[in-house]
Amino acid sequence: MQQVGMFKELKKIIKKTYFYQLVNEASHRRAHKKWMHNSLCEDGLHEYGFHGDRYLMDLADFFLSQSRAFVETGAFSGTTTCYVARKFPNIEIYSCEPHSVSFKHAVSQCKKYRNIDISKTSSPKFLYELIMSLPRIKSQFNTYFLDAHGFGFYCPLLDEVRFLTNNTNSGVLIIDDFKVPGRPEFGYDYCGEQEYSFDLIESSLCKSKEYTIIYPAYTERTSQWHPLRGACVIVFGADDFLLPENLSRNFSVIKKAYNKNR
Ligand SMILES: C[S@@+](CC[C@H](N)C(=O)[O-])C[C@H]1O[C@@H](n2cnc3c(N)ncnc32)[C@H](O)[C@@H]1O
């Protein structure tokens with residue numbers, strides 16, 4: 001136990017070193033180069049978002065068509081940001097990216113779209129500031145793509161879920177790289193040493209709301225870049241929400257409500 005604590009402390013110290021920052025920067029540059037090389041479609045625009053998973057894109061499109069804003073945490077190269085801007089020119093788009101290399105890249109990728117605003121901020125500070133400066137976001141139905149992770153930054157997922165479900169009336173959270181129950185073939189990520197799973201985020205959900213939780217139920221890999229990657233999609237503040245027939249064939253749906261008197 002003591003050894004685990006020491007290991008964590010050591011990791012924190014290493015992350016603060018100049019050498020670590022250099023390696024991190026280089027890894028971002030490499031990741032960009034690879035991604036940009038792979039993901040540009042013929043006319044030079046990003047054709048795909050949501051890591052190119054057709055099923056996830058269809059589900060996201062369904063929610064985006066009903067949303068006033070798309071709020072993304074972790075823009076990386078701006079791939080999904082540009083995809084949403086191109087497909088939904090009337091939606092407001094807010095994203096954030098704390099890494100200088102990625103931020104510059106995302107801004108340059110997205111500059112032709114007038115409806116995108118990217119902040120060089122870390123999440124969840126980005127979410128707090130967004131809602132402070134645009135209080136109307138709280139009462140709108142919005143799509144939130146929680147995709148801020150990796151590259152040595154603080155993992156904001158739990159704070160994001162807590163803040164959004166407590167401080168906005170309704171919306172949908174699309175959490176990428178999430179563990180799909182009973183489907184080990186879908187890859188997922190970690191927040192520190194903990195799996196991105198419902199068990200991890202449940203205590204962060206506002207207990208006075210009801211939730212519709214949606215997981216992939218398809219088997220086909222449609223992304224040309226990634227093997228199957230898990231996601232968890234959480235609708236809140238829309239208690240009578242029903243997934244349309246064409247989507248419910250490919251996703252499983254769970255309803256969740258907590259004892260409001262607790
Ligand atoms: C998986 S990539 C995002 C991909 C992008 N959403 C897309 O669909 O193309 C994750 C990004 O999150 C960023 N990131 C990591 N921690 C973050 C934090 N605390 N706040 C904001 N962004 C963060 C990383 O720098 C990285 O660029």
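In this predicted model, helix 4 (79–87) and helix 5 (residues 100–110) have axes that come within 9 Å and cross at roughly 20 degrees. With angles under 35 degrees counted as roughly parallel, the two helices are therefore roughly parallel to each other. Their crossing is right-handed. Helix 4 brings Thr81, Cys82 and Ala85 to the contact, and helix 5 answers with Ala106, Gln109 and Cys110. By class, these contact residues comprise 4 nonpolar and 2 polar, with no charged residue.

Helix 4 also takes us to the sheet, for it lies across strand 1, strand 2 (92–96), strand 3 and strand 4 (141–146). Relative to strand 2, helix 4 runs at about 175 degrees. The sheet itself is open, with 8 strands in the order 3-2-1-4-5-9-8-10 and mixed pairing. Strand 3 (116–119) and strand 10 (251–257) form the edges, each pairing on one side only. From one strand to the next, the twist averages 15 degrees. Within this sheet, strand 5 (residues 170–176) and strand 9 (residues 231–236) run antiparallel and are joined by 6 bridges. Among the residues involved, Asp176 has Ala231 of strand 9 as its bridge partner.

Turning to the ligand, 24 residues lie around it, and Gly74, Phe76, Thr80, Ala148 and Phe153 come nearest. Strand 1 (69–73) and helix 4 are the elements that each give two or more residues to this shell. The shell residues divide into 9 nonpolar, 12 polar and 3 charged.

Methods:
Residues are numbered from 1 along each chain as its sequence is written. This is a predicted model: local features need pLDDT of at least 70, side-chain atom pairs count only at pLDDT 80 or more; totals for chains, interfaces and linings use all residues. A residue is near a molecule or strand if its C-beta atom, placed from the backbone, lies within 6 Å of it. Helices (H or I, at least four residues) and strands (E, at least two) are DSSP runs, numbered from the N terminus. Ala, Val, Leu, Ile, Met, Phe, Trp, Tyr, Cys and Pro count as nonpolar, Asp, Glu, Lys and Arg as charged, and the others, Gly among them, as polar. Two strands pair if DSSP finds at least two bridges between them. Axes are lines fitted to C-alpha atoms, for helices over the stretch in contact, and angles run from 0 to 180 degrees between N-to-C directions. Two residues are in contact if their C-beta atoms, placed from the backbone, lie within 7 Å. Angles under 35 degrees count as roughly parallel, over 145 as roughly antiparallel, 65 to 115 as roughly perpendicular and the rest as oblique. A crossing is left-handed if the near helix is turned anticlockwise from the far one by less than a right angle, and right-handed if clockwise.
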